[in-house]
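Please look over the sequence and the three-dimensional structure before reading on. The briefing is written for someone new to this structure.

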Amino acid sequence: MIPTSPDPPYAPVSLCGFEGPEKKLELHFTPSSSPHLASRITKDGLRVLSTPPQNPEDKYYWQKHVLDPVHCTIMHHEANEHMDAFVLSESSLFVYPRKIMIKTCGRTTLLRCLDHMIEAGRLCGLEVDVVLYSRKNFVFPDHQPEEYLSFSEGEVQLLNKRFPGHGYVYGKPGRDHWHLYVADMRTDNVHKQGTTLEVMMHDLPVEVMQQFFQKEGVSAELVTETSGIARLMPAGTIIDPFQFEPCGYSMNAMFGDAYYTIHITPEDHCSYVSFETNARPTVGEAAPYSQLIAQVAKVFRPGRMTAVVLGHDPVERCPCRQGVTLGGSECDDDVCRSPCSKMVKTESVQHVKEEESVASLLDGYHVHKKFVSEFEGGQWVIVHTLASDEKVPTVSSLKSCGSWLLDQTQDDPIVVDGQSDGEASGDEGKNAMAF
């Protein structure tokens with residue numbers, strides 16, 4: 001994607017290429033502990049701030065107070081009864097009544113919006129109680145703004161000035177790896193984050209990426225159909241695609257209360273695709289996340305990819321009202337607060353660990369590394385790094401500072417924690433560096 005941020009220090013000055021891997025921030029809110037602030041709560045919550053400006057020359061609240069500090073721009077806005085979805089010049093923003101998810105690529109300064117998001121919550125009578133920040137390793141890390149040059153000394157320290165959390169790195173530095181910061185301030189463990197799947201892909205075939213260069217008479221909607229992207233989502237999904245000039249593609253989609261988002265940097269020397277959804281597979285499907293990963297891989301055919309499933313365990317769901325509860329029979333939807341005989345179990349970390357078989361469903365790929373961690377409060381994460389059986393990393397990817405090299409004999413990273421005695425545990429032992 002081609003950045004449109006006007007501020008020269010954050011323009012794409014690198015001769016190497018555009019930084020596709022995104023920084024992602026997800027904040028969950030709960031009613032404020034202050035009775036005075038809590039009196040401001042409405043059913044729409046944070047979504048009241050998504051109202052389009054009446055004057056076309058004015059800015060959205062999110063643009064003026066959140067996105068301007070990040071150096072990205074709203075390109076398009078869609079909404080349904082559950083959320084507002086914004087396609088950005090650098091990726092996406094989703095706003096629910098009590099949740100915000102924003103991911104930005106390039107040289108954006110995502111964490112500079114933290115205080116503004118906290119203030120947005122206050123305006124709506126809410127306060128932050130769960131923080132999730134994550135990103136894959138950068139392709140061109142030396143070209144990032146200063147606070148993103150070191151995860152432990154930059155992003156984690158910046159986040160820890162505001163929240164009591166910890167950072168983790170899954171995978172070995174110098175190869176494909178994934179960063180996660182978790183801060184959970186909940187006191188009653190009532191609401192859940194749900195489960196999110198991310199697939200982050202590199203070394204994509206030129207013939208696949210050529211579809212995402214602008215061509216006269218070819219619309220973003222047509223590209224969405226002909227590329228196979230539309231088939232990754234259920235029938236009836238609201239799809240909002242966007243093409244960049246001269247190349248690049250972004251898409252937000254909504255299906256009920258679930259979102260899908262895809263972002264594509266198609267240039268050969270820095271090709272990258274990200275796919276993400278919080279759609280919930282139902283129990284009874286065999287390895288549902290692996291099936292979706294396999295479908296994504298079939299569409300884009302990456303040479304290597306990192307797949308992450310991040311969730312909360314255990315969860316039961318009421319199909320009639322979409323409410324959730326923890327191991328009981330009462331639906332906690334705001335409308336349907338009553339016993340429900342239709343409660344069905346959905347995903348849990350044990351289910352995913354036992355049923356998921358990524359390697360067996362991905363023809364032509366093998367799992368290089370798998371990490372499984374469970375955190376206090378019920379959160380869990382499963383990280384796979386995968387490689388094509390045939391494709392060798394390109395010369396350009398080997399030259400990049402964020403390069404990945406196949407090394408089946410590498411040792412698991414040592415778990416170190418500079419904040420407390422806690423650590424991320426997993427089925428490969430000490431599997432993540434913690435900060």
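This is a predicted model: local features need pLDDT of at least 70, side-chain atom pairs count only at pLDDT 80 or more; totals for chains, interfaces and linings use all residues.

Residues are numbered from 1 along each chain as its sequence is written, and side-chain values use heavy atoms, with hydrogens and water left out.

**Strand β9**

- Strands are DSSP runs of E with at least two residues, numbered from the N terminus, and a residue is buried when its relative accessible area is under 20% (1.4 Å probe, protein chains only).
- Because seven of the seven residues of strand β9 (residues 196–202) are buried, the strand is largely enclosed by the rest of the structure.
- Thr196, Glu198, Met200 and His202 point one way from β9, whereas Leu197, Val199 and Met201 point the other way.
- In a regular strand, side chains alternate between the two faces of the sheet.

**Strand partners**

- Two strands pair if DSSP finds at least two bridges between them.
- β9 pairs with strand β14 (residues 304–312) in the antiparallel sense over seven bridges, and there valine 199 has alanine 307 as its bridge partner.
- β9 also pairs in the antiparallel sense with strand β13 (residues 272–277), over six bridges, where the partner of histidine 202 is tyrosine 272.

**Cysteines**

- The structure holds zero disulfides, a disulfide being a pair of cysteine sulfur atoms within 2.5 Å.
- Cysteine 72 is buried at 2% relative accessibility, and its sulfur lies 8.5 Å from the closest cysteine sulfur, in cysteine 105, which is too far for a bond.
- Cysteine 113 is in no disulfide, with the nearest cysteine sulfur, that of cysteine 72, 8.6 Å away, and cysteine 113 counts as buried at 0% relative accessibility.

Terms used:
Buried means under 20% relative accessible area, exposed over 50%, partly exposed in between (1.4 Å probe, protein chains only). Helices (H or I, at least four residues) and strands (E, at least two) are DSSP runs, numbered from the N terminus.
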